[in-house]
Amino acid sequence: MNKRITAEFTDALEHNASSFGVELSGSSVSQLASYYELLLRWNPRLHLVAPCSPVEFATRHVLESLLLLPHLPNNARMVDVGSGAGLPVIPCLVARSDLHVTLIESSPKKTVFLREALKHLNLDDRATVVAKRFEDLAPLHADVITCRALERFSEMLPRLIEWSPSGSALFLFGGDSLLARIKATGLPFESMQVPGSDRRRLLILHRPAADDQLPD
């Protein structure tokens with residue numbers, strides 16, 4: 001692995017963390033660098049993320065993922081839908097030792113990468129990978145549902161809301177089309193602009209109680 005590329009990644013993490021309201025220990029930065037190196041080795045075969053510079057991966061992928069941290073309750077039980085490369089939950093697991101995550105990914109090849117990444121980073125004792133589509137699973141016990149990339153995201157949103165456990169919060173990333181779809185549900189939500197982006201947002205949607213009905 002090119003040391004210059006890794007150095008550019010770690011420098012970008014350290015120099016931009018404050019803009020995202022993130023504090024990272026030296027050990028977390030080192031772990032995230034190991035994750036980045038592993039992903040670069042697997043990416044040509046699996047197309048886990050679109051090709052990008054070390055700086056862009058540090059900001060657009062890792063630091064954006066870490067925007068979740070101040071909103072996650074202590075000892076949060078998380079379910080990540082459409083995990084792909086492990087974003088946003090692998091960076092969150094690195095930064096927070098109290099989190100426990102189930103990663104749902106329908107691609108068998110990508111689940112192999114996820115298991116390898118979790119083992120490589122010594123995170124596999126706090127994470128489980130499930131090789132299925134979320135809609136083929138019974139709802140899992142969780143405080144938080146995360147989803148950063150899902151095929152036909154806006155179309156699948158009502159299913160994801162219905163599938164999510166009562167009382168959970170959904171943490172979603174997207175732009176104007178997803179924001180409009182969330183507004184159309186009539187459900188309470190919060191919207192936060194991603195630093196450095198004009199349109200991209202972190203959207204936190206609150207799941208209605210079990211006896212409530214989704215608005216038409």
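Which residues of helix H6 (residues 153-163) are buried? They are Phe153, Met156, Leu157, Leu160, Ile161 and Trp163, where buried means under 20% relative accessible area and exposed means over 50%, with partly exposed in between (1.4 Å probe, protein chains only). Seen down the axis of H6, these buried residues fall within an arc of 150°, so they line one face of the helix; the arc is that of the directions from the helix axis to the C-beta atoms. An α-helix has 3.6 residues a turn, so residues three or four places apart point the same way.

This is a predicted model, in which local features need pLDDT of at least 70 and side-chain atom pairs count only at pLDDT 80 or more, while totals for chains, interfaces and linings use all residues. Residues are numbered from 1 along each chain as its sequence is written, and side-chain values use heavy atoms, with hydrogens and water left out. Helices (H or I, at least four residues) and strands (E, at least two) are DSSP runs, numbered from the N terminus.

The buried residues of H6 pack against several elements, among them strand S1 (77-81), strand S5 (169-174) and helix H7 (176-185), contact meaning heavy atoms within 4.5 Å.

Helix H2 (residues 26-46) packs with helix H5 (residues 108-120), and H2 also crosses helix H3 (residues 54-65). Axes are lines fitted to C-alpha atoms, for helices over the stretch in contact, and angles run from 0 to 180 degrees between N-to-C directions.

| Helix pair | Angle | Axes |
|---|---|---|
| H2 and H5 | about 165° | 11 Å apart |
| H2 and H3 | roughly 110° | within 12 Å |

H2 and H5 are therefore roughly antiparallel to each other, whereas H2 and H3 are roughly perpendicular; angles under 35 degrees count as roughly parallel, over 145 as roughly antiparallel, 65 to 115 as roughly perpendicular and the rest as oblique. The contact of H2 with H3 is made by Leu32, Tyr35, Tyr36 and Leu39 of H2 and by Pro54, Phe57 and Val62 of H3.

Some backbone details lie in loops. The peptide bond from Leu87 to Pro88 is cis, with omega near 10°, and Pro88 sits in the loop between S1 and helix H4 (89-95). Asn75, in the loop between H3 and S1, has a phi near 55°, a positive value in a residue other than glycine, and Asn75 is exposed, with a relative accessible area of 54%. Asn122, in the loop between H5 and strand S3 (127-130), has a phi near 60°, again positive in a residue other than glycine, and at 63% relative accessibility Asn122 counts as exposed.
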